[in-house]
Amino acid sequence: MRARRTDWIRLTATGLALSMGLLAAACGRGEAPADDQATQEAQEAVAAPEFTSPTLQAIKRRGRLNCGVHEGLVGFAYTDNRGQWRGFDVDFCKALAAAVLGNADAVRFVPLTSSQRFDALRSGRVDVLWRTTSWTLSREAQEGVRFAGVNYYDGQGFLVRRSLDLASAAELNGARICVQRASTSELNVADWFRARGIEYRPVVTANEEAAREAYAREDCDAFSADISALAAARTLLSNPEQHTILPDVISKEPLGPAVKRGDEAWTSVVRWTLNGLVLAEELGVTRENVDSMVGESRDPRVRRLLGAEGELGEMLGLSRNWMRNAIKAEGNYGEIFSRNIGPDSPLDLARGLNAQWNARPGGLIYALPIR
């Protein structure tokens with residue numbers, strides 16, 4: 001019995017020695033054990049993909065940004081008497097061109113109707129859509145687009161004649177409401193009146209301009225659209241002071257830039273340029289002081305934003321001075337707001353929800369960390 005056990009021990013020892021020899025030989029030939037190969041493959045599988053953007057590459061090759069804008073909305077996107085594009089959204093397009101190409105004038109503005117805008121993005125006719133467009137679930141799920149952020153928090157309201165002496169939209173029972181076809185405005189009006197059991201008669205038009213003209217002809221009793229659009233429309237009426245925007249806000253309309261789905265890196269470029277302009281206002285970096293701030297500021301946040309420290313621009317495939325160029329071109333978020341739709345403009349819109357998060361009173365404008 002003892003002899004058999006001794007033979008078994010010798011056999012096992014011989015097998016172990018043989019296995020160790022084979023393993024050593026494999027290591028000597030540079031072959032990784034199976035476990036090491038599996039670990040390497042797993043690491044490669046979870047490694048971050050390279051940050052590349054076909055859209056950004058195409059823009060750099062052509063030397064121009066194609067930006068889709070409203071065909072004509074005072075304060076946001078319109079042409080002046082010299083044929084030059086002006087407005088809140090227009091300035092964001094210029095800032096993006098400056099960030100990407102180093103030249104705020106290297107942008108082609110493509111006026112688009114609401115029915116054209118998403119087709120233009122999907123077809124590649126425009127690189128970015130900056131056209132008072134609300135960020136909704138259905139648009140991301142069905143229209144093949146991605147929103148890069150919010151540059152204006154709006155809401156839908158009603159423009160009426162002061163002579164009607166209305167205090168609330170709840171008094172519009174049986175009223176004729178002008179609204180744009182195939183828009184969130186049309187859907188919001190239907191939802192709002194339905195939820196309250198109030199009767200109304202929709203007067204549906206092809207676009208906002210047609211709705212405003214119908215309202216001016218008194219084809220309807222009220223015009224419903226985003227409050228910013230109503231403020232713009234009122235400035236174009238023959239007697240603006242005879243019209244008022246009711247206090248009711250019937251929806252949330254987060255407006256911001258949209259891009260074609262499938263190019264995540266380009267979405268990031270647009271997103272972080274917008275955030276950079278917001279952060280610039282928070283940190284006190286303006287169009288006038290941006291050059292001096294590069295050398296004088298000791299604030300690490302300012303130095304990262306302006307490229308004095310770090311390589312954030314390079315991470316996005318841009319230059320080190322990408323945000324310096326953007327701010328120098330059109331100013332920070334607050335400057336763009338004030339000049340186009342705020343106190344320094346005919347619209348004279350209050351900051352309201354679009355105030356910085358740390359203002360008094362505070363708003364919803366909040367820059368993501370740029371670091």
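**Chatting through the disulfides, a pocket and a helix**

Analyst: Let's start with C178 and C220, which form a disulfide with their sulfur atoms 2.0 Å apart. Keep in mind that this is a predicted model.

User: Which way is the link of C178 and C220 handed?

Analyst: The link is left-handed, with -110° about the S-S bond.

User: And where do C178 and C220 lie?

Analyst: C178 is in strand β9 (residues 175-180), while C220 is in the loop between α8 (208-216) and β11 (222-226), so the pair ties together parts that are 42 residues apart in sequence.

User: Are C178 and C220 buried or exposed?

Analyst: Both C178 and C220 are buried.

User: OK, how many disulfides does the structure hold?

Analyst: Two. In the other one, C67 pairs with C93, and their sulfur atoms are 1.9 Å apart. That pair links distant parts of the chain, with C67 in strand β1 (residues 65-70) and C93 in helix α4, 26 residues apart.

User: Why does C67 count as buried? And C93?

Analyst: C67 counts as buried because its relative accessibility is 0%, and C93 counts as buried because its value is 0% too; the cut-off for buried is under 20%.

User: If you number the bonded cysteines in sequence order, what's the pairing?

Analyst: It's 1-2, 3-4.

User: New topic: what volume does the largest pocket have?

Analyst: About 340 Å³. There are 19 residues lining the largest pocket, and the closest to its centre are S114, R117, F118, R139 and A182.

User: Which helix gives the largest share of that lining?

Analyst: That's α5, with four residues. Helices α5 (117-123), α6 (137-142) and α7 (184-196) each supply at least two residues of the lining.

User: What's the lining of the largest pocket like by class?

Analyst: Nine of the lining residues are polar, six are charged and four are nonpolar.

Conventions: Residues are numbered from 1 along each chain as its sequence is written. This is a predicted model: local features need pLDDT of at least 70, side-chain atom pairs count only at pLDDT 80 or more; totals for chains, interfaces and linings use all residues. Side-chain values use heavy atoms; hydrogens and water are left out. On a 1 Å grid over the protein atoms alone, a cavity is a set of points where a 1.4 Å probe fits but cannot get out, and a pocket is an open set with protein on both sides within 12 Å along at least five of seven lines; lining residues have an atom within 4 Å of a point. Grid points are joined across faces, edges and corners, and a volume is the space filled by probe spheres set on the points. Ala, Val, Leu, Ile, Met, Phe, Trp, Tyr, Cys and Pro count as nonpolar, Asp, Glu, Lys and Arg as charged, and the others, Gly among them, as polar. A disulfide is a pair of cysteine sulfur atoms within 2.5 Å. Buried means under 20% relative accessible area, exposed over 50%, partly exposed in between (1.4 Å probe, protein chains only).
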